[in-house]
Amino acid sequence: MRTSSTFTALLAAARSASAVSDLAYSEPHYPSPWMNPQAIGWEEAYVKARDFVSQLTLAEKVNLTTGIGWESGQCVGETGSVPRLGLRRLCLQDSPLGIRFGDFASAFSSGQTVAASFDRTLMYRRGQAMGEEHKGKGVNVILGPVAGPLGRAPAGGRNWEGFSPDPYLTGVGMSETVKGIQDAGVIACAKHYILNEQEHFRQVGEAQGYGYNITETVSSNLDDKALHELYLWPFADAVRAGVGAVMCSYQQINNSYACQNSKTLNGILKGELGFQGFVMSDWQAQHTGVSSAVAGLDMTMPGDTEFNSGLSFWGTNLTIAVLNGTVPAYRIDDMAMRIMAAFFKVGQTVEGLEPINMDSWTTDTYGYLHASVSDGFQQVNWHVDVQSDHGDLIREIAGKSTVLLKNDGALPLKKPKFLAVIGEDAGPGELGPNGCSDRGCNNGTLAMGWGSGTANFPYLSTPLDALNQQAINDHTRIESVLNNYATDTIEALVKQDGATAIVFVNADSGEGYINVDGNEGDRQNLTLWQNGDEMIKTVSSLCNNTIVVIHSVGPTIVTDWYDSPNVTAILWAGLPGQESGRAIVDVLYGKVNPAARTPFTWAAKREDYGADLLYEPNNGNAAPQQDFSEGIFTDYRALDRAEIKPIFEFGFGLSYTSFKYANIKVQKTNAGPYKPTTGKTAKAPTFGNFSKDIEDYAFPKAIRYIREFIYPYLNTTSSLKDASLDPKYGKTAAEFLPPGALDASAQSLQPAAPALTDAPGGNRQLWDELYIVTAEVTNTGSVVGDEVPQLYVSLGGPDDAPVVLRGFDRMRIDPGQTVTFRAPLTRRDVSNWDIVSQDWVISKYPKTVFVGPSSRNLPLKAQLA
């Protein structure tokens, strides 16, 4: 990538409907780094992988790296197998909140929702439970968690799959989820790497289907400094946590496709962060064969160039590329090593793998093993129940992640005399909870968004179900109107004397391949759906005790009604999952004292956020250019810099009790000075030998050919050119690959990279604790409750945000009790990325720490000496 100054100059070119002449540019970085046998946490896995890979033939190595094709197996993605050594195909399955297409499995709260808990333990337990369920179905790799999108713009369709637009909070969510998943024995996959911040124009075919005449996907254009300080931050935390896989994204990065971007894959992920696992493509995100291999891609998914084409950039073509020398032997070895090291790292064994007992393409017990071509009819579903007691965990997460945004004494409810429940979002959908494929509709209560990041509900506790049961217990009169447009009926109900009205509203979004009510994945606006805002205003004009519950994928514009005196309480319940109803009743009635914090900012108007999506192509028929010209100033950082007052600031949330902050202290540690990493790697290793006789790669007579299935074998042995079917075949590596792409010599370590005997994630000293900040928090109310003290830092420079989150905790405090909040500050926490030295540095500017209950309520501060 170009430096910040160069990038700024590139962005000066005017964007218009015609083609743009000056485009952002991503610098090449070669060769692709190979695994480090001494990387802490990976040593044992490396040895096991080396022993296994050393036994493999070239065709078997290629089989590990190449998916078998869309709908060619039971999972959304499967690698080829190594039957000679007893390794079955590896199963890769969505999603980051449960098992997509699975039955008898749980539907968890979204990542964004659990982020609102500000509870590391809940994040870990959620990851571990999801890992246990996937493992119980025979899944080897979970396609999650999500740090891309980070949430640059609030209308981004898949923001809810991730955690928060704040990189620190998302980094914690990534780290804890990765550790939970992998402790359960399944490989976690951090996605979508990187700058995948909108659905519009992410894929050419998808965009053309919506009428946009483009020939290349959108390019996310960003400078090096903002990339490191914002978008890379949570991926670094995932790598530090030992994540086994990273998924590269659909879009381009500075006009180089993410799955063949050598700067971001070779230079940053594998070089600077020292990532030891494998990089897989998003489904159909691979655009080249050899070029993507040398740029750092290790596995292609689902294997075919386009769904059900039967063609692959790898498979046969990767075998040919190794044989003709355009892909070096060490690179195919390193691909296989990374895949198998991640496999062994989480405790999986070749001989101990459970069979895949579910099928993604049918819920029937019997079906086709190769669904795309109706081949291999057999039992494909065993309907294994993997839910355990996870419903209780989901209820706990959903309750502890519900944010109380406003409360004028209306809550908690205490056996109300009369409840009027208003809104479609309170009740069941007409088609049931799973009636729309991949949840691609908004009907009934909203408990998850739409797209591949979803799961089937085993059941869905609706708010009305749970409120009815509570009303029965309390002898409360309860009536409901579930039609948002039945204004006369709503008015007649809520204007009755003594009514407590609870209005349920929502706003939905999802992945770009599904269009819901004109929303092509991304939200068209930030208003509530289905007349929600007008319904709230109608009810609150007649009822002086109107409680609003919002289920949404992110912030909505509440400006027109939030401050009405008749709106006595507002709660954001996010996307709570299967226990939605019981969880919200827990909070409404005080069984759970709310302590959650909003993981994003609620602005008064959309324009206050600064950054927004690109809804129309701006580069003719070529790649749309999405310039991240705001740099690091997104969400609360943008509003803070512009001195714009939000409706509800990042980190804000109320409780049924009250707290007081006092006595901040800063202790400086004895950490030594920072030393950039130096030294060199070993030269690239190779494992085993492979035949260069083309006859050895002929399609085996003992294998039955299955149409559309991707194989590593050659269909003809007359010549490599004939086998490739490539009209441009014959160019040497020197003719079409960048300099250094085949270099196998020892490589210099980057200054910000881990040393050879350090753990991945970056220079070890970035995690040195430089300061310990403490503060006292007292529960001054009359009931026990959790509090979430937050630590913010002002880095002090003219290009820095006023404050950035750098620590938090969730603490249970009894009435009258005082506890001590403790937060360490690492070197990374107080550093900036320097584009010249390509390293983290602590600037000369004075630094201040703040502690308080939200980003705009920071009563305590102290200087860092």
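Start by selecting helix H16 (residues 487-494), which lies across strand S12 (418-422), S13 and strand S14 (500-507), with contact meaning heavy atoms within 4.5 Å. H16 runs at about 160° to S12; axes here are lines fitted to C-alpha atoms, for helices over the stretch in contact, and angles run from 0 to 180 degrees between N-to-C directions. Helices (H or I, at least four residues) and strands (E, at least two) are DSSP runs, numbered from the N terminus.

A word on the model: it is predicted, with local features needing pLDDT of at least 70 and side-chain atom pairs pLDDT 80 or more, while totals for chains, interfaces and linings use all residues. Residues are numbered from 1 along each chain as its sequence is written, and side-chain values use heavy atoms, leaving out hydrogens and water.

Next, select helix H17 (residues 532-542), lying across S12, S14, S17 and S18 and running at about 170° to S14.

Now show the sheet itself: it is open, has 6 strands in the order S11-S18-S17-S14-S12-S13, and its pairing is mixed. Strands S11 (403-407) and S13 (477-481) are at the edges with a single partner strand each, so one side of each has no neighbour in the sheet. Two strands pair if DSSP finds at least two bridges between them. Zoom in on S17 (residues 546-552) and S18 (residues 567-572), which run parallel and are joined by 5 bridges. Pick Val549 and you will find its bridge partner, Leu571, in S18.

Finally, move to helix H6 (residues 167-183). Of its 17 residues, 15 are buried, meaning under 20% relative accessible area with a 1.4 Å probe, protein chains only. After H6 comes Gly185, with a positive phi near 95°.

Notes:
Expected span 1.5 Å × (residues − 1). Buried < 20%, exposed > 50% of the residue type's maximum accessible area, 1.4 Å probe, protein only.
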